[in-house]
Amino acid sequence: MQAVTPFHIAIPVHNLDECRSFYREVLNCEEGRSSDHWVDFNLFGHQLVIHYKPKTETEALHSNPVDGKNVPVPHYGVVLPWEVFESFAEELTAKGVEFVIEPYVRFKGQTGEQATMFFLDPAGNALEFKAFKDMGQLFAK
C-alpha cells in the first residue's frame, strides 16, 4: 500500500462568507489562498476549496439506508484517528452543529468497527467524519 497523500476537493457554495466562517470557525480549518469566488482550506491536511456558485432550485438531499439511518449522498470527509474523532465530535456538539446522523459506532466489536457522524455545511454539502478502532481495517471485508 502506498503512503497516503493529501486529496483535493472543490465544492460549490452559494454563500461564500457564511461557508468561509463555518469552515474556519466551526471546523477549525486553516484558510489558505482565496479570491472573490473561492477559498482554500486545510481540512486535516487535505486541500478543500469552496467555490461560489449561485443558488439554484434546491434539490432534495438524496440518501441511502445504512444501518437503519439515511446516509446523505454525495458526501465527503476525512478518516480521523479515534481520539481525534472523539474530541472533534465533542467540539462540534458544543458548537451546536446539527447532525444529520449523530456520532455513533458502527460494527461494534466486529471487523471494520468505526465511529461516524454526518452533518451539513451552510450550503447543504454533506460531510462525514469517521474513525476506525483499527486503522488497518479501513478496507476490510
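Val105 stands opposite Ala115 in S10. Strands here are DSSP runs of E, at least two residues long, numbered from the N terminus, and two of them pair if DSSP finds at least two bridges between them. Strand S9, residues 99–106, pairs with S10 in the antiparallel sense over 5 bridges.

This is a predicted model, where local features need pLDDT of at least 70, side-chain atom pairs count only at pLDDT 80 or more, and totals for chains, interfaces and linings use all residues. Residues are numbered from 1 along each chain as its sequence is written, and side-chain values use heavy atoms, with hydrogens and water left out.

Back to S10, residues 114–120. Of its 7 residues, 6 are buried, meaning under 20% relative accessible area with a 1.4 Å probe, protein chains only. S10 also runs antiparallel to strand S11, residues 126–132, joined by 7 bridges. In that pair, Phe118 stands opposite Glu128 in S11. The hairpin of S10 and S11 has 5 residues between the strands, and Gly124 takes a positive phi near 90° there.

Next, the open sheet. Its 4 strands come in the order S1-S4-S3-S2, with mixed pairing. Which strands stand at the edges? Strand S1 (8–13) and strand S2 (30–34) do; each has a single partner strand, so one side of each is left without a neighbour in the sheet. S2 pairs with strand S3, residues 38–43, in the antiparallel sense over 3 bridges. Glu31 stands opposite Phe41 in S3.

In general, strands of a sheet pair through backbone hydrogen bonds, either parallel or antiparallel.

Conventions. Buried means under 20% relative accessible area, exposed over 50%, partly exposed in between (1.4 Å probe, protein chains only).
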